[in-house]
Amino acid sequence: MAAPHAVDGVEGGSGETGLTLSDSSTCDVKRPQFGTRFLTDPRQVFQHNAWDNVEWTDEQEATAKKKVLENSQPLPPEKQEEYDSRANEYWNGFYTIHENRFFKDRHWLFTEFPELAPQCSLNHESHPGASGAVESQQNSQDGEQSGEHAPLSHTDGDFPGSSATYRILEVGCGVGNTVFPILKTNNDPGLFVYCCDFSSTAVELVESNPEYDPGRCYAFVHDLSDVEANYPIPDGTLDVIVLIFVLSALHPKKMQASISRLARLLKPGGVMLLRDYGRYDMAQLRFKKGRCLSENFYVRGDGTQVYFFTQDELHELFTQAKLEKVQNLVDRRLQVNRGKQLTMYRVWIQCKYRQAPV
């Protein structure tokens, strides 16, 4: 159920300039800055496609708040219920239309989330920017990955990837924009990647991709909001869980239970990685009247839904799930359409929270 972020121009942090994230708290782990384009002269705004670490003026923030308030009249409850109950239909329809032509490669993936890169899983202390997230993982790299794509049987320990030594799960995998870069880049022999999506159409597209390797990956259909549904992975076995533009697609009332359920899958020291829409992102400001479901929660024209977060809201979700903060950052970016001479302000939030090590 990865959100259709390219519709909003969101495939954030594409490789040209990288990202520079501003820290919400002096207690957060600082990582080296690697964004190098800073707009010091407004007259030069159209020289590049994007500018890093763009701070808003008080006037910009006030204008954004006013715009959101103007379009915040919620739809009738029966209409909201319809969008929620038909969510599966809308997402299947989305992937049927777009298939895998719609999405871009996430060039920023391993820079932002080194936990997904091979050197991180082979050397857990090689990334000081994410030291708290992985330093406590004590997995041996001597085991062999499972090549099985067999029926599940938790009673005898036989599940996909049961012999792996480093396990990653992406929730809301879409057509595989995160999964396939991991499989291509991370050559750790003990790696096994799980990926799931609410849309059966999306999962079918992943499985039909020529780069899908059932010896290293297991794709399955799963509704993140259904906390009673079983995952094909025992609790306490995952090193990393990835949520990229997916939590925002859930109804806000279902988010806490979903995150708490996911947290149970992490092993001690395991980390949950999130990147999602921030409050007053351009995509939020573009919604017209009649698209609001509830406060900061909207429905797109194709029936899919999206929420826009604050850092505090996400911190509350993760800490209520008994996870410890490693990182909670806001990325404010100015994207530029040089052809049309347009500027677009993006706001994304990036989080890393870990299961307490033993």
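The model is predicted, so local features need pLDDT of at least 70 and side-chain atom pairs count only at pLDDT 80 or more, while totals for chains, interfaces and linings use all residues. Residues are numbered from 1 along each chain as its sequence is written, and side-chain values use heavy atoms, with hydrogens and water left out.

**Overall make-up**

- The protein has 11 helices and 12 strands. Helices (H or I, at least four residues) and strands (E, at least two) are DSSP runs, numbered from the N terminus.
- Of the 358 residues in the protein, 55% are buried. Buried means under 20% relative accessible area, exposed over 50%, and partly exposed in between (1.4 Å probe, protein chains only).
- Among contacts between residues at least 6 apart in sequence, 74% join residues at least 24 apart. Contact means heavy atoms within 4.5 Å.

**Helix pair α9 and α11**

- Helix α9 (residues 252–263) packs with helix α11 (residues 311–320) at an angle of about 45°, and their axes are 8 Å apart. Axes are lines fitted to C-alpha atoms, for helices over the stretch in contact; angles run from 0 to 180 degrees between N-to-C directions.
- The two helices are therefore oblique to each other. Angles under 35 degrees count as roughly parallel, over 145 as roughly antiparallel, 65 to 115 as roughly perpendicular, and the rest as oblique.
- On α9, the contact is made by Met255, Gln256, Ile259 and Ser260; on α11, by Glu316, Leu317, Phe318 and Gln320.

**Nonpolar cores**

- A nonpolar core is a set of buried Ala, Val, Leu, Ile, Met, Phe, Trp, Tyr and Cys residues joined through side-chain atoms within 4.5 Å.
- The largest nonpolar core has 40 residues, of which Leu169, Ile241, Leu243, Leu262 and Met272 touch the most other members. Its largest share, four residues, comes from α9.
- Apart from this core lies another, of 36 residues, including Trp108, Val240, Tyr277 and Tyr298.
- Leaving out residues up to four places away in sequence, Ile241 touches Leu169, Val171, Leu262, Leu265, Leu266, Val271, Met272 and Leu273.

**Phenylalanine 297**

- Phe297 is found in strand β9 (residues 297–299). Phe297 is buried, with a relative accessible area of 1%.
- The C-alpha atoms of Phe297 and Tyr307 are separated by 4.4 Å, with the residues 10 apart along the chain.
- Not counting residues up to four places away in sequence, Phe297 touches Ser248, Leu250, His251, Pro252, Arg291, Cys292, Gln305, Val306 and Tyr307.
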